[in-house]
Amino acid sequence: MPEIICKDCGKKMFHENEDTLKIEEAIHKKFCRKKQGEVHSYMHRDSDHMATFDEERAADQKGKQLVK
């Protein structure tokens, strides 16, 4: 079974279909953490825009905040 090991993080990827494995490798390259176990997020918010996107549903009927 074909396999690829990422040189940056050491993740081992394998699949029966070589074309599928190449696609998996391409996606992994875009999201590779570079170090095994490193924690970070791909979701970034503008620090000036930290308000809730949907103000109407930010709190329940009693006014308790649902989204932090």
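A salt bridge is a side-chain nitrogen of Lys or Arg within 4 Å of a carboxyl oxygen of Asp or Glu. The model examined here is predicted: local features need pLDDT of at least 70, side-chain atom pairs count only at pLDDT 80 or more, and totals for chains, interfaces and linings use all residues. Residues are numbered from 1 along each chain as its sequence is written, and side-chain values use heavy atoms, with hydrogens and water left out.

**Exercise 1.** State how many salt bridges the structure holds, and which side chains meet.

*Solution.* Step 1: the structure holds one salt bridge. Step 2: in this salt bridge the side chains of K12 and E3 meet, at 3.4 Å from N to O. Step 3: side chains of opposite charge can pair when their charged atoms come close. Step 4: K12 is partly exposed because its relative accessibility is 47%, and E3 is partly exposed because its value is 42% (buried means under 20% relative accessible area, exposed over 50%, partly exposed in between; 1.4 Å probe, protein chains only).

**Exercise 2.** Determine where H28 is placed, whether H28 is buried or exposed, and what H28 touches.

*Solution.* Step 1: H28 belongs to helix α1, residues 18-31 (a helix is a DSSP run of H or I with at least four residues, a strand a run of E with at least two, numbered from the N terminus). Step 2: H28 counts as buried because its relative accessibility is 13%. Step 3: leaving aside residues up to four places away in sequence, H28 touches C6, C9, K11 and M13 (contact means heavy atoms within 4.5 Å).
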